[in-house]
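Hi,

Here is the structure I said I'd pass on to you. Have a look at it first, and then read my notes below.

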Amino acid sequence: MRNITAITEFILLGFPGIGVQIPPFTVIFFIYILTLAGNRLIVAIVWAEPGLQISMYFFFCNLSFLEIWYTTTVIPKQLETSLVAKKKKAVCTSCCLLQAFFHFFLGTTEIFSLTVTSFDHYLAIRKPLHYPTIMTSNLCLQLASARVVGLTIVFCQMLLFIQLPFCSNNIINHFYCDIGPILKAACADPSILERLVLLATILVIPGSLLLAVISYIYILSTILPPGCQKAFSICTSHLTVVSLFHGAVLFMYLRPIAHSSFKIIKVVSVLNTIPLLNPFVYTPRNEVKGALRKAMAFPKTCHAE
């Protein structure tokens, strides 16, 4: 029997061939800080302003909260791999699997949250008079609990994932611990788990995208008459963000891992894990600007008194 030595750490390649990557580090760090600041500002404004504490802004706040943690599970490690030498890009096996779990879980939860937000927009525009009575606080909490579905899907797959043996090949061709590169590093046949990941991707992503697109089709049919240009602009921006996020995830996961080109996937992953525009697109600007001006004017008013 062949002697198999289990590995205790993985080596993240990052973007090999560039050396110490100061320019990418600077750009990604700056965008990461802007992303965190934008999402935290939205959360703070929604919770501080009583006029924004309605169901629509509850979902905006929920998305911003998810964005903070979704980017934080990946970007700090990516920044580290941009600066250190290859031999120092090591991450322990359990830490790598934990990062993959949270990244997969938060990504799945965000997909469900985007779909729920689309449904909320549908109710607000198609049934404005009935919207307050339909979208109650209890219903908001029930819709937000869709993350439990994402947790169940990811947790069941991770139970099989952690049973895979890893030996000899501890090189991960990525800048963070993603499921595809980890499966490729396994010394056992991961075909069953690969099919489960593919099945979950087929069920979750196209289904969620279809529901979101249907919601926006009904919305656009309502707001196309003259005088609704502002609502049309907001909804098309939202649909663009939904399509880009779903499209990137479909490109990364809706393909056999054995035939995946991780060079291209890494580029798409950079764009997908730093969703800078999401908090600004998903939040109606006038309301947020008004609340922000009110918050900034409050200290001056107190000082004048």
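In this predicted model, let's start with a pair of helices: H2, covering residues 55-72, and H6, covering residues 137-144. Two packed helices are described by the angle between their axes and the distance between the axes. For H2 and H6 the angle is about 25 degrees, and the axes are 10 Å apart. That angle falls under 35 degrees, so H2 and H6 count as roughly parallel to each other. The crossing of H2 past H6 is right-handed.

Which residues make the contact? From H2 you'll find Ser55, Phe58 and Phe59, and they meet Cys140, Leu141, Leu143 and Ala144 of H6. Sorted by class, that contact has six nonpolar residues and one polar one, with no charged residues. Cys140, on the H6 side of the contact, has a relative accessibility of 4%, so it counts as buried.

Now to the cysteines. How many disulfides does the structure hold? There are two.

One of them joins Cys92 to Cys95, with an S to S distance of 2.3 Å. The link between Cys92 and Cys95 is right-handed, with 85 degrees about the S-S bond. Are its two cysteines buried or exposed? The answer sits in between: Cys92 has 28% relative accessibility and so counts as partly exposed, and Cys95, with a relative accessible area of 41%, is partly exposed too.

The other disulfide joins Cys96 to Cys177, and here the S to S distance is 1.9 Å. The torsion about the S-S bond of Cys96 and Cys177 is about -115 degrees, which means that this disulfide is left-handed. If you want to find the two ends, Cys96 is in helix H4 (residues 93-126), while Cys177 is in the loop between strand S3 (171-172) and helix H8 (179-184). The pair therefore ties together parts that lie 81 residues apart in sequence. Cys96 and Cys177 are both buried, whereas Cys92 is partly exposed, as is Cys95.

One more cysteine to look up while you have the model open is Cys156: its relative accessibility is 44%, so Cys156 counts as partly exposed.

Cheers

Technical notes: Residues numbered from 1 in each chain as written. Predicted model: local features only at pLDDT ≥ 70, side-chain atom pairs only at ≥ 80, totals over all residues. Heavy atoms only, no water. Axes fitted to C-alpha atoms, helices over the stretch in contact; angles between N-to-C directions. Helix = DSSP H or I, 4+ residues; strand = E, 2+ residues; numbered from the N terminus. Parallel < 35°, antiparallel > 145°, perpendicular 65-115°, else oblique. Left-handed = near helix turned anticlockwise from the far one by under 90°. Contact = heavy atoms within 4.5 Å. Nonpolar A, V, L, I, M, F, W, Y, C, P; charged D, E, K, R; others polar. Disulfide = S-S within 2.5 Å. Buried < 20%, exposed > 50% of the residue type's maximum accessible area, 1.4 Å probe, protein only.
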